[in-house]
Amino acid sequence: MSDISIPGKIIAVHLNYRSRAAQRGRTPATPSYFLKPSSSVATTGGAIERPAGTELLAFEGEIALIIGRPTRRVSPEEGWAAVSGVTASNDFGVYDLRAADKGSNVRSKGGDGFTPVGPDVIPAASVDPDALRVRTWVNGELVQEGTTDDLLFSFGRLVADLSQLMTLEPGDLILTGTPAGSSVTVPGDVVEVEVDAPTAPGSPTSGRLVTRVVEGRIPFGDFGTKPAVDDVQRAEAFGTPPAPGADAESPFELTDDLRAKLASVSTATLSSQLRKRGLNNVSIDGLQSTRPAATLVGRAKTLRYIPGREDLFETHGGGYNAQKRAFDALGPGEVLVIEARGERGSGTVGDVLALRAQVNGAAGIVTDGGVRDLAIVASLDIPTYHAGPHPAVLGRKHVPWDTDITVACGGAAVQPGDVIVGDADGLLVIPPALVESVVADAIEQEREEEFIARQVAAGEKIDGLFPMNAAWRERYRAWLTQQ
């Protein structure tokens, strides 16, 4: 290896490419990490052993950042300056051992040789961090290709985030996540990873990082967790999405109990709880509901329209386009959120597609564009939130472009898997990681407000009651014991 020493720390990001997030069926709001031991580092041309008794050794081609100077408490804008170079890496993992790790990845990704890096380093000063590419080949076939314009979290942000709590030291490695396409290898496979900057002068490259997969011969002893495989791990290892909520790294599931709790409180209350958590821009604004008395609760699937252009509509508007794919893919309890740029001058959904959503068991439809066949759409059981009626077909103003990506709807950012809640007051977007705490606090808030409203109705003054001072809070606790 050239200019790569054994690092003091190897820090890896769990999920950082939009393509991978779409494959996994979730998009994190913030980065999360795990550590790999320095003993897992290997050179190009070496071999990785698939441990005896395991079947799911998966590759993950990644861009590795090499820290060039001691770095502590830098801003995201300053983070990239702490990087001296980038190179190729392969974040190998054995899914058979994930159950033992509970997200730490100590055993599943910490084995000897499980972090090949190299062979060469691209100086950070010579490239734009937003114009890098990573590719992976298995037995000569290209299986992964991702560019850094698809990142959820920039390199500078990763460095800044980590440096809040620890000093990053020269030689430390940050593995920055893998794009879609990771899958399982078997003994005899040859895996190659390359990082390059194809638009930079001279098209600098890390060269091909080559790893051969060999079969392990020594079985696991009886003094630790044995390898185990189930359908969830097998699906994730091969790159097919598991059932909703089954992901071992992100156990959130919008259960029937959570749905009922969310439906029991108003969006006004939920909004105040989100605000307490620093989230102010989570309302989808300016829309009306076909069923204002109904409460909408579901996880977001997304569809994006771009402005109409005749040649693009000719290539993307007909046939089995993104719009039709999105409605066909809707599952039970999901909400299709459509980005239409607030353009009301054309329909974005009509009676047939809305009916398809209902038959699929979808919870509802949200579009910041127009709706055709409004009377029929409004007669359906599921609510549709929309910007107004319009008789024109899609091609007048929109081209259906892509699905399962982050979209902008009614002034709010919505990611696949976000929880959507709507009622007569409006629509909210709740990050999955916050749902349980937000709804629990919202229920408590509405209990308090019920108590306060009863006191006001009985003639009590607002001062000291709303919000409650210590004396009123004691009376509230006594009231709770009587309920």
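Predicted model: local features only at pLDDT ≥ 70, side-chain atom pairs only at ≥ 80, totals over all residues.

Reader: How many helices and strands does the protein chain have?

Author: The protein chain holds 14 helices and 30 strands. Its radius of gyration is 26 Å, close to the 23 Å from the globule rule for 483 residues, so the chain is as compact as a globular protein of that length. Along the principal axes, the C-alpha atoms fill a box of roughly 75 × 65 × 45 Å.

Reader: What share of the residues is buried?

Author: Buried residues are 50% of the 483. Look at contacts too. Among those with a separation of 6 or more, 77% join residues 24 or more positions apart.

Reader: Now the sheets. What is the general idea of pairing?

Author: Strands of a sheet pair through backbone hydrogen bonds, in a parallel or an antiparallel sense. Here is a case. An open sheet of 6 strands has the order 2-1-13-6-7-10, with mixed pairing.

Reader: Which strands stand at the edges of that sheet?

Author: Strand 2 (33-36) and strand 10 are the edge strands, and each pairs on one side only. Strand 2 runs antiparallel to strand 1, with 4 bridges joining them. Isoleucine 11 has leucine 35 of strand 2 as its bridge partner.

Reader: Let us follow strand 7. Is it covered or open to solvent?

Author: Strand 7 (residues 83-90) is mostly covered, with 7 of its 8 residues buried. It has antiparallel neighbours. Strand 6 (residues 61-67) joins it through 7 bridges, and there glycine 61 is the bridge partner of asparagine 90. Strand 10 (residues 122-123) joins strand 7 through 2 bridges. In that pair, valine 86 stands opposite isoleucine 122.

Reader: And where do side chains point in a strand?

Author: In a regular strand, they alternate between the two faces of the sheet.

Reader: Next, a single residue. Why does proline 7 count as buried?

Author: Buried means under 20% relative accessible area. Proline 7 has 4% relative accessibility, so it counts as buried. Proline 7 lies in the segment before strand 1 (10-13).

Reader: Which residues does proline 7 touch?

Author: Leaving out residues up to four places away in sequence, proline 7 touches Ser38, Val41, Gly171, Asp172 and Leu173. For a sense of scale, compare aspartate 256. Proline 7 is 46 Å from it, C-alpha to C-alpha, and 249 residues away in sequence.

Reader: Last, a pocket. What is the volume of the second largest pocket?

Author: The second largest pocket has about 240 Å³. Its lining has 17 residues, with Gln323, Gly350, Leu353, Arg372 and Leu394 nearest the centre.

Reader: Which elements each supply at least two residues of that lining?

Author: Helix 10 (322-329), strand 21 and helix 11 (351-359) do.

Reader: How do the lining residues divide by type?

Author: The lining of the second largest pocket has 6 nonpolar, 7 polar and 4 charged residues.

Methods:
Residues numbered from 1 in each chain as written. Heavy atoms only, no water. 1 Å grid on protein atoms, 1.4 Å probe; cavity = no way out; pocket = protein on both sides within 12 Å on 5 of 7 lines; lining within 4 Å. Points joined across faces, edges and corners; volume = space filled by probe spheres on them. Nonpolar A, V, L, I, M, F, W, Y, C, P; charged D, E, K, R; others polar. Rg over C-alpha atoms; globule rule 2.2 N^0.38 Å. Buried < 20%, exposed > 50% of the residue type's maximum accessible area, 1.4 Å probe, protein only. Contact = heavy atoms within 4.5 Å. Pairing = 2+ DSSP bridges.
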